[in-house]
Amino acid sequence: MPVARDIPSASHSNSLLHRLFRRWWRQQSPSRQDRFATIAPLISVLMFLATITTTFWYLRNEEIERTSEALRRDTEISQQQIRLHLIENQEQLVRMARELVTRDIAPDEFLPHAAAFQRERPEVRHLTWVTAQRQVRASQAVLSYEPLTPERPSRHNPSFPGEGLTLASEAAFVAARDTRQPVYSRPFTDADGMAVFQVQVPLIDRGNFAGTLIVEYSIESLVRYYVPSEVSRRHIISVVGPELQPLASTVTVMPGQPVVPPSLQHEVPLAPMANGLMLRGQGYRTSIGLIGNTLFWMVVALSVLTVWMLLGTWKHMRRRAQIQNALAQETNFRRAMENSMLTGMRAMDMEGRVTYVNPAFCAMTGYAEADLLDGKPPFPYWPPDRVEENSRLLQQELQGRSPAGGIEVKVMRKDGSIFDARMYVSPLIDPRGLQTGWMTSMTNITEAKRIRDQLSASHERFTTVLEGLDAAVSVLSVQQGELLFANRSYRLWFGVEARGHGQLAHSTPAQSYQAELDEEVDGLSGLPTQELTDAGAHPHEIYVEPLAMWFDVRTRYLQWTDGRLAQMLIATDITSRRRVEEQAQQQAEKAQVTSRLITMGEMASSVAHELNQPLTAINNYCNGMVSRVRNESINTEDLIAALQKTGRQAERAGQIIHRIRAFVKKSEPQRQPSQASEIVDDAVELAGIELRRRKVAIHTYVAQRLPTLMCDPILIEQVLMNLLKNAAEAIDSAGLPSARRNIELRVVPRHTAEEGGVIEFSVSDMGPGMKEEVLSRLYEAFFSTKAEGLGIGLSLCRSIIESHRGRMRAQNLYNGTAVTGCRFAFTLPVDLTQRVDAQPVPEVPDVAAAANPNATAS
């Protein structure tokens, strides 16, 4: 009963699907129905071919899996056979080694045991007893039963260890000695050229290493005797070394026979050795592949034939549909081109009758298509005053003699307005290759001509401006060295040659950039043209000796009108400005000398007092010596001591005079390597006269290992002198007590993000400080807070420091809100990484007490 109910339900579902399919099929267009009718059989054939291919592929892979599993199983069986045999041998060797140690067996007693061991094991090449000193006590070989005594030479045989030799036997001997365990050596070739490996069992006598028992195995014999025969009949079993080189195999390749590479391969380690040997099983597939299966190729051929026939039918139907669509598309495309083109097109036959005009041509002239078709010259768009000229051009066009660049004509619109146009003529060729007429394209060039005229006028104005400039302007081609442009000033100074451009640009003439072998090779093709043209101008000043003139030169690279890389140069005459600057520099140097003279004038009384001390001492020494000589109360030693003291006082007076003369007479700046400590010493020595006169003490600190300064030491001395004198005057004029009559001079290195590496000189006093309005005007020329001051001291100091690329600043020192002094500081740039060994400048003691002439003279 349930089955009877299911049958109507299934038939109802089938009828529903059938109705839906018919409805969908009717909704498709005929072309789609043809396409589906062709594609459906093609898809079914491809599915059939895919099913057959998959089936063959599955069966082939199934057989490959079975063959691979059999190969893996046989390889592991061979591995187990060899492994069990080696383990059994190793156990017997361990017992034999234990007996050698415990029973103290002699070499003669050892050989029978070794021979018995070797007779049962044909794979053993030899069994050798080696001492801890690598001496062979006894050895049993496979080829001869003659024992190898210690007197027989064995050090050249690779089967025996040798101290310091890079042999596999030596490495195994060392490993057995260190680990006290049996060690398998790496495979090697013995003296007979056979591939072998060794197992060395250590001999341990009461905890001491007494040597090894060496057993050498032939790899070929292991494969021959211990790989099961049923395995070797089915597969190739071989032993490979650490570098995968074959050492032994169950199959020997005949010489001269080609080797067929195996299709299957399985490798396992040859345990228990762990010496790099691998047991490799190789096999061949017995089944043929898909390529060799005849049934498969018959199915493929029939399927391909069916697919080819279906594709041919489908292609034929598509081609018919494409031809129909192409006709419609060609018509629509041509109409779209005619409507979208901005260039007017006109076709004429061989007699000059108009056969075709496009909408753009009608829009240009203002005439309808009906007004122009079948028209003959003169055409309605010809201006009345140019009919004769246009007739001549038309005849030239019909004869095929129109220029390739087109002809420029005047065209009149229907409303009577006239515009400029350019017409290009080309022949009309039919499909048979015969000329049927002429096709003319016309473009409105009124706007382009206007822009061209404006550009021409702009160029004339630009050229007029450049010609009127007082600066020399030139453009040089980098590749060819050709002078592309030069204005009037350039031609006046340098003529029309490119040599003047090279002089101003500090470069040789550009002909050096030309290619040596091929003139068409661009020698600068690898230069970053975009980066060069984007870079800004590079100003520099240069003196042209033939003209005796200074120029401020600015250069930059640009793209010339023809695309070449060019260099533009603008040179401005700055001769007058340089002369003014030189005069200003000379006046500044004179002002510096004047400032030094003023300073020495103010210090004249102090200098006289300073010189009076050594002169008074000299006078006293001379009078004392004269008196004692007359009284004959002086001996030779006292006379020599007095004369030496007199000489030292004379030298002191001479040094004072020499220092003052060098300070005053120095006029021209001379930068030279200088040490900060020497500058401070000289400045303190000169300023000490004024400080002692005003009873002011000075304390100096100069950091050690300061780098060398590149400066004029006399000018820096002048700055320090001025700052020290000003500090002493401020302290003296304020009438400060002795506790505050101090000046501190510090020289230390600094590094700031703004200035980099500098050396800072600072002069700090404990005076009354300065007002804020005085600090703001401190460096103005002729501004002074002194009644007798000229106001040029600090201004000159700042100019001197700035000429050395340094900075100068002043500030008050505070204790809370109270001013406790003033600090002047200036910096000089220097490379802080270059230090010199300089001894610290000792602090100058308080010289206020040194004002006593008697104390100084003593």
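This is a predicted model: local features need pLDDT of at least 70, side-chain atom pairs count only at pLDDT 80 or more; totals for chains, interfaces and linings use all residues.
Local features need pLDDT of at least 70 and side-chain atom pairs count only at pLDDT 80 or more, while totals for chains, interfaces and linings use all residues. Residues are numbered from 1 along each chain as its sequence is written, and side-chain values use heavy atoms, without hydrogens and water.

Leu-16, Leu-17 and Leu-20 make a nonpolar surface patch of about 280 Å² (patch residues have over 30% relative accessible area and no salt bridge, with nonpolar side chains joined within 5 Å and like charges within 9 Å; a salt bridge puts a side-chain nitrogen of Lys or Arg within 4 Å of a carboxyl oxygen of Asp or Glu; areas are Shrake-Rupley values with a 1.4 Å probe). Leu-20 belongs to helix α1, residues 2-27 (helices are DSSP runs of H or I with at least four residues, strands runs of E with at least two). At 44% relative accessible area, Leu-20 is partly exposed (between buried, under 20%, and exposed, over 50%).

Five strands form an open sheet in the order β17-β16-β20-β19-β18, paired antiparallel (a pair needs at least two DSSP bridges). Because β17 (483-486) and β18 (540-544) each have a single partner strand, one side of each lacks a neighbour in the sheet. Within the sheet, β19 (residues 549-559) and β20 (residues 565-573) are joined by nine bridges; Arg-556 has Met-568 in β20 as its bridge partner.

The largest nonpolar core has 42 residues, of which Leu-720, Ile-743, Phe-761 and Phe-826 touch the most other members (buried Ala, Val, Leu, Ile, Met, Phe, Trp, Tyr and Cys joined through side-chain atoms within 4.5 Å). Elements giving it two or more residues include α18 (676-693), β24 (742-752) and β27 (818-829). Helix α19 gives the largest share, ten residues.

Note on methods:
Buried means under 20% relative accessible area, exposed over 50%, partly exposed in between (1.4 Å probe, protein chains only).
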